[in-house]
Amino acid sequence: MRYLAVAGLAALFLAGCGFHLRSAHEFALPASLSVLRVRMPSSGLKYPGLVLVVRHALEERGVRIVDHRKAPTVVLGGEVMNPVVVTLNSNGGASAYLLDYAVTFSLVGPGGRLLMAPRTVRVQREYSFNPENVLAMAREQSYLERRMRLSAARQIVWALAAYKGPPAVAAAPHKPHAP
């Protein structure tokens with residue numbers, strides 16, 4: 001009973017300060033991005049893993065993915081996974097790593113016009129390494145890499161959801177006609 005009262009007070013406090021969980025519609029992409037193309041030119045593969053994950057994340061938000069050039073294109077510039085040793089064991093071997101994953105992306109319009117400048121999304125995860133169980137550690141690293149790729153794809157979708165359209169072109173000032 002006491003926990004219920006504390007939870008109720010916490011909910012009232014959070015609601016009073018304006019806090020609320022984000023709902024799915026808050027991350028809906030603008031209508032101008034309801035149809036998109038996703039490309040990763042630096043990859044020789046037609047659908048590398050990152051492209052598939054980003055496509056799926058966009059489809060979850062109601063975006064229709066197409067392959068024609070008339071649609072705005074999410075261009076994935078590449079991905080980098082960099083393991084960094086953060087802890088050494090008594091033998092001088094690595095016992096913990098920090099995986100640093102970075103993805104660069106941009107949004108390009110149908111005519112090649114840059115709609116959203118290149119941005120880098122970064123995700124980091126730490127994991128322990130046991131040299132006596134290398135196979136399990138390799139599986140754990142592979143699992144973390146997949147989860148990090150998914151997290152980066154979500155961040156890309158969130159950035160696209162904040163897209164407000166191309167910057168307005170200022171009209172030339174009106175000049176009166178000379179008599």
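Let's start with a pair of side chains: D100 and Q124 make a polar contact of 3.2 Å. By polar contact I mean two N or O atoms within 3.5 Å; within protein, one has to be able to donate a hydrogen and the other to accept it, and residues adjacent in sequence count only if both atoms are side-chain atoms. Before I go on, this is a predicted model, with local features needing pLDDT of at least 70 and side-chain atom pairs counted only at pLDDT 80 or more, while totals for chains, interfaces and linings use all residues. Residues are numbered from 1 along each chain as its sequence is written, and side-chain values use heavy atoms, with hydrogens and water left out.

Back to D100. You'll find D100 in strand 4, residues 94–108. Who else does D100 contact, leaving aside its neighbours within four places in sequence? The list is V80, M81, N82, R122, V123, Q124 and M148, where contact means heavy atoms within 4.5 Å.

Strand 4 as a whole is mostly covered, with twelve of its 15 residues buried. Let's see what sits beside it. On one side, strand 3 and strand 4 run antiparallel and are joined by 14 bridges; V85, for instance, has Y97 as its bridge partner in strand 4. For pairing, DSSP has to find at least two bridges between two strands. Those two strands make a hairpin with five residues between them, and G92 in the turn has a positive phi of about 90 degrees.

Strand 4 also pairs with strand 5, antiparallel again, over twelve bridges. If you want landmarks on screen, Y101 stands opposite V123 in strand 5, and A102 stands opposite R122 in strand 5. This hairpin has five residues between the strands too, and G112 takes a positive phi near 90 degrees.

Five strands form an open sheet in the order 2-1-3-4-5, with mixed pairing. The edges are strand 2 (64–65) and strand 5, each of which pairs on one side only. As a reminder, strands of a sheet pair through backbone hydrogen bonds, either parallel or antiparallel. Strand 1 and strand 3 are a parallel pair, with three bridges, and R39 stands opposite V75 in strand 3. Helix 2 packs on the sheet, touching strand 1, strand 2, strand 3 and strand 4, and its direction makes about 165 degrees with that of strand 1. That angle is between N-to-C directions, on a scale from 0 to 180 degrees, with axes fitted as lines to C-alpha atoms, for helices over the stretch in contact.

For the overall tally, the chain has three helices and five strands, running α-β-α-β-β-β-β-α from the N terminus. Of its 179 residues, 30% count as buried.

What about the nonpolar core? The largest one has 36 residues, and L58, L76 and L160 have the most contacts inside it. A nonpolar core here is a set of buried Ala, Val, Leu, Ile, Met, Phe, Trp, Tyr and Cys residues joined through side-chain atoms within 4.5 Å. The elements giving two or more residues to this core are strand 1 (35–39), helix 2 (49–60), strand 3 (73–88), strand 4, strand 5 (114–128) and helix 3 (134–161). Helix 3 gives the largest share, nine residues. Not counting residues up to four places away in sequence, L58 touches several others, including L29, V74 and L160.

S151 is in helix 3 and, at 17% relative accessibility, counts as buried. Not counting residues up to four places away in sequence, S151 touches V123 and R125. Its C-alpha is 9.8 Å from that of A57, although S151 and A57 are 94 residues apart along the chain. S128, in strand 5, touches S95, A96, M137 and E140, with residues up to four places away in sequence not counted.

Conventions
Helix = DSSP H or I, 4+ residues; strand = E, 2+ residues; numbered from the N terminus. Buried < 20%, exposed > 50% of the residue type's maximum accessible area, 1.4 Å probe, protein only.
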